[in-house]
Structures are given as C-alpha cells and as structure tokens.
Amino acid sequence: MGGAVSAGEDNDDLIDNLKEAQYIRTEKVEQAFRAIDRGDYYLDGYRDSAYKDLAWKHGNIHLSAPCIYSEVMEALKLQPGLSFLNLGSGTGYLSTMVGLIIGPYGVNHGVELHKDVVEYARQKLDEFIKNSDSFDKFEFCEPVFVVGNCLEISADSHQYDRIYCGAGVQKDHENYMKVLLKIGGILVMPIEDQLTQITRTSQSMWESRNILAVSFAPLVQQSRAEGEKPDTVQLPPVTVRSLQDLSRVYIRRTLRNLANQDSQGNGMVQRVPHKRKRRRCRRRPINTYVFVGNQLIPQMVESEEEEHADEEQKEAVVEEEEERDIGDIEIIKQVNELREQILALPLPESLKAYLLYYREK
C-alpha cells in the first residue's frame, strides 16, 4: 500500500511531498514527521527505499507507507497529555512521533506480537534519545513496548484517549477494540479495507468515518489447544513521574524557552533552505552583420554561450538538481542551544549528565 506521492531524496523532501498531496495538514504533525528520520528505522542496506511512499517489510519488521502514517497522525488529533495505545507497534516509528506531540505528561504504550521486533523498537528508541538533535527540541513521552497478542489484552486493563491498530481488524473484533477507548477518545484502525476513525461519544455510542482505502495484513489470532488458557497481555502500568523526573522536565523547558527568547531577540531565525530549481541553458544565436566588399550582409554567428551550452547544462543537472539554494538567505549554523545552556550551569557534572539524559552530543 502506498505510492500516492512522489519519492523523496531525503526525509524533508518526503515530508514536502506529503504536504503538497495534503496527507500532512497540520503543523504539529509536520514537525513530528520532520523530527524523526524514517530512514533511521530501516535496516542497513535498505535505506534507499526509506523515502518512497511505499510499505516495507523484512522478516517480522514492517513499516507502513508514509501516506498511511500521515493520515493516522492527522486522524488521531493528538494533544499534549493524552494517553496513547499502539496495537501492533512494530519498529516504534509511529509511537516515537506520537511521543513528541503528547509530551512528558502523556502515556505512550505499545503492544507487539514479535519479541525480536520489540527489541528492535527499543534499540531505535534508545538511538533516538542518545543521538538525535530533535530530542532536545521537544518535550517527549517515551514509549513503553510489551510483547503480546493484541487480541489477548487483559479485560481489566485501563482505557486510552487515543488508540491505533496497525493490522487489519475483522468485524467481530471491532467491539473488542472499542472497549479499550475512553469516552471522547479516538480509535483509528483498518477494518474491511478502510482506514476508519471511530470516536466514542458516550458509554455505548460511537461515531465512525472512513478515511482511506487500505490493504493491511489481518491481526494474528493466537492458536491454542482446546482448554488451554490464553497468554493474557498485561499492559504497562500508568505511573506518576517522580519528583526528580518532573524537575528535569521543568528545568529543560525553562532553559529551552530562554534559549528561544534569546534567539528571537538576536534576530537569529533559522530558515530551511529551499531546493534549487534546475537551471535551463538555452542556445542563443546572435544576429550580426558583416561587410563583404561594399555590401552589409546579415550573418548568424554562434555566441560563446552556445559553444558551452551542452557542457553547462550537464553540470547544472548534476550539481544543482540535488542541492539546496541558499540564495540571499544566510543559513545559521545549527547549535543545540539547550545543551549549551545546561553545560553552562554551575552544577556537578553528574547532574548535568542527568539533565542531558546522558546524551553525548
């Protein structure tokens, strides 16, 4: 499923195409997509396919097409502080983007059938926290992943504000999914080949609308011998952050706001460069006149521009088609202002490391 938009050269190029095609329609969703590089969730050797609007699967690892994730993120109508459950959480790509929007006071849980995929998701989450500059630009709700079958969730589990199911749901499992949703909450899932948004309006009433025609592999039903008890999935507990952790969140927020104010006060507005348009080199014959004896005769003479036109055009395609055009805009070198603020504090190194989430850069 996918192929609705043109392939991109990189993550930003892909997001530009998704915006142009109206799959990404809100600023907060756009920021989340730009902050998480889709290519980082691909195995080595497969990254060239990351920026195509296509689903990708290798073994148990799977990523839906970017246009699907875009529609899901928009349909969830995410807000800070909400609780989110991802059924079939896979690589954690979607859960990580959601975490950037719901922030540190939200809840971010994922259930995935395959243990190796959960390990892969935890590895990618750790790499994002330790290495991505985007981590310091957002307040983040870290996803928690558990191994289990989405159809075997404990009956006494808590409910969520937002739920997404990343596998095809059969009609007889629809009510099972709805029960996990809080009143006023939104569930997005593929059912009967339609990506569907379901809003719970009361204890026993729901409103549904179809978003997009899709094709998903169905949820896997656990096979067991007659009389055998199912392996019930216990969702992660909803816990209150410790005072120490809340202090870290508040200190980082305060320093981030101060850095942003300083940048705006100094007029240091960083601009994203636009892609350079391909330059067209055209041949231009020049009308000149020459004397032959006593007569003035018009004659076509090739200009130097014409002589080098082919060579310039080849260079233009190779050198300029993939470059960014900085034009008259000065691009300011990116500096992690939050990190600089924390390192400048008169605090013990161990406390600075804690405030930095032990990031090394």
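In this predicted model, Asp12 counts as partly exposed, with a relative accessibility of 30%. Its side chain meets that of Arg34 in a salt bridge, with an N to O distance of 3.0 Å. Because Asp12 lies in helix H1 and Arg34 in helix H2, the pair ties together parts that are 22 residues apart in sequence.

**The network around Asp12**
- Arg34, the partner of Asp12, is likewise assigned to the partly exposed class, at 27% relative accessibility.
- Asp12 and Arg34 also belong to a network of salt bridges that links them with Asp16, Lys19 and Glu30.

**Other salt bridges**
- A search of the whole structure finds 19 salt bridges, including one in which the side chains of Arg47 and Asp40 meet at 3.1 Å, N to O.
- Arg47 is partly exposed at a relative accessible area of 35%, and Asp40 is partly exposed at 39% relative accessibility.
- Lys352 and Glu349 form a salt bridge through their side chains at 3.5 Å, N to O, and both lie in helix H11 (residues 349–355), three residues apart, or about one turn of the helix.
- Within that pair, Lys352 is buried, with a relative accessible area of 9%, whereas Glu349 is exposed, with 57%.

How values were computed. Residues are numbered from 1 along each chain as its sequence is written. This is a predicted model: local features need pLDDT of at least 70, side-chain atom pairs count only at pLDDT 80 or more; totals for chains, interfaces and linings use all residues. Side-chain values use heavy atoms; hydrogens and water are left out. A salt bridge is a side-chain nitrogen of Lys or Arg within 4 Å of a carboxyl oxygen of Asp or Glu. Helices (H or I, at least four residues) and strands (E, at least two) are DSSP runs, numbered from the N terminus. Buried means under 20% relative accessible area, exposed over 50%, partly exposed in between (1.4 Å probe, protein chains only).
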